[in-house]
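This report describes one protein chain, with its sequence and coordinates shown below.

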Amino acid sequence: MRKPAEKPTMMRFEANSGWSEAAAEIIPINEHLKQEITPAAAPQPSPAGRLPTEALVDIGESMQEVFDSLKINDPRLQSWTQVHAAIRLISGKLQEKRALQERIAALESEIEGVRKLATELVQNAYRNEQEVHETSKLRMQIAESLSEKLSAALRS
C-alpha cells in the first residue's frame with residue numbers, strides 16, 4: 001500500500017541559514033542589522049532610515065541568489081536581475097559620492113592652507129615695503145644733510 005502524499009510546505013531562503021520553513025519566525029532586515037551592529041561600533045543613523053551601501057548590495061545579491069536558485073524559466077523573472085544591477089549601480093554611485101565628498105573636504109583644507117600662506121606673504125611684503133620706505137627716508141635725510149654741508153663747504 002502507498003503512503004499518503006505529504007502536504008507541500010512553503011519554504012523560504014534565509015541568507016545566513018539557507019532554506020527553512022515559512023512558518024518560522026520572520027526577522028525584519030532592519031532588526032537583523034541592529035543585532036549585528038554593536039552599540040560601540042554603531043554608525044551614525046543615516047537620513048530617512050536608509051540602509052548602508054554594503055547592506056543594499058548584500059540584499060541585492062541575496063535576492064539574485066534566491067531567484068537564480070529557483071531555476072524557473074520565466075522571462076519575467078529577469079526583472080530581479082535588473083533590480084540587482086540597479087542596486088549595484090546605486091552602491092557604486094554612493095561610493096563615488098562619498099569619495100568626492102572626501103576629496104572636497106581635502107580640497108577645502110588645502111585652500112585654507114594656501115589662504116594662510118597668502119596672508120603671511122602679503123604681511124611680509126608689506127613689512128619689506130615699510131623697511132624700504134624707512135631706509136629711503138633715512139637716505140634722503142642723510143643726502144639732504146650732506147648736500148647742505150657740501151654746498152656750504154664749496155661756497156667758502
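## Salt bridges

In this predicted model, glutamate 96 and lysine 93 form a salt bridge, with 3.9 Å between the closest N and O atoms. A salt bridge here is a side-chain nitrogen of Lys or Arg within 4 Å of a carboxyl oxygen of Asp or Glu. The two residues are separated by about one helical turn because they are three residues apart in helix H3. Helices (H or I, at least four residues) and strands (E, at least two) are DSSP runs numbered from the N terminus. Glutamate 96 is partly exposed, at 44% relative accessibility; buried means under 20% relative accessible area, exposed over 50%, and partly exposed in between (1.4 Å probe, protein chains only).

The structure holds three salt bridges. In another, glutamate 110 meets arginine 103 at 3.8 Å, N to O. Glutamate 110 has a relative accessible area of 45%, so it counts as partly exposed, and arginine 103 is partly exposed at 43%. Glutamate 112 pairs with arginine 115 at 4.0 Å, N to O; both lie in helix H3, three residues apart, about one turn of the helix. Glutamate 112 is partly exposed at 37% relative accessibility, whereas arginine 115 is exposed at 53%.

From the N terminus on, the elements run β-β-α-α-α, which gives three helices and two strands. The 78 residues of H3 should span 116 Å at 1.5 Å a residue, and the 112 Å between its end C-alpha atoms agrees with this. The expected span is 1.5 Å times one less than the number of residues.

Which residues of H3 are buried? They are His84, Ile87 and Ser91, and they pack against helix H2 (53–70). Histidine 84 has a relative accessibility of 15% and is in contact with Gly60, Glu61 and Gln64, leaving aside neighbours within four places in sequence. Contact means heavy atoms within 4.5 Å. Serine 91 has a relative accessible area of 5% and touches Thr53 and Val57, with residues up to four places away in sequence not counted. Valine 83, also found in helix H3, is partly exposed at 32%; its C-alpha is 8.7 Å from that of glutamine 64, 19 residues apart in sequence.

## Surface

Of the 156 residues, 8% count as buried. The protein exposes about 14000 Å², 59% of it supplied by carbon and sulfur atoms; areas come from the Shrake-Rupley method with a 1.4 Å probe, and for residues only the protein chains shown count as cover.

Leu138, Ile142, Leu146, Leu150 and Leu154 form a nonpolar surface patch with about 530 Å² of accessible area together. Patches are made of residues with over 30% relative accessible area and no salt bridge, with like charges joined within 9 Å and nonpolar side chains (Val, Leu, Ile, Met, Phe, Trp, Tyr) within 5 Å. Isoleucine 142 lies in helix H3 and is partly exposed at 45% relative accessibility.

## Confidence and conventions

The mean pLDDT (the predictor's confidence in each residue, from 0 to 100) is 77, and 65% of residues reach 70 or more. Confidence is lowest in helix H1 (residues 29–36), at a mean of 53, and highest in H3, at 92. Over residues 38–42 the pLDDT is below 50, and this stretch has one contact in the model beyond near neighbours in sequence. Where pLDDT is low, predicted coordinates should not be read in detail.

Residues are numbered from 1 along each chain as its sequence is written, and side-chain values use heavy atoms, with hydrogens and water left out. Local features need pLDDT of at least 70 and side-chain atom pairs count only at pLDDT 80 or more, while totals for chains, interfaces and linings use all residues.
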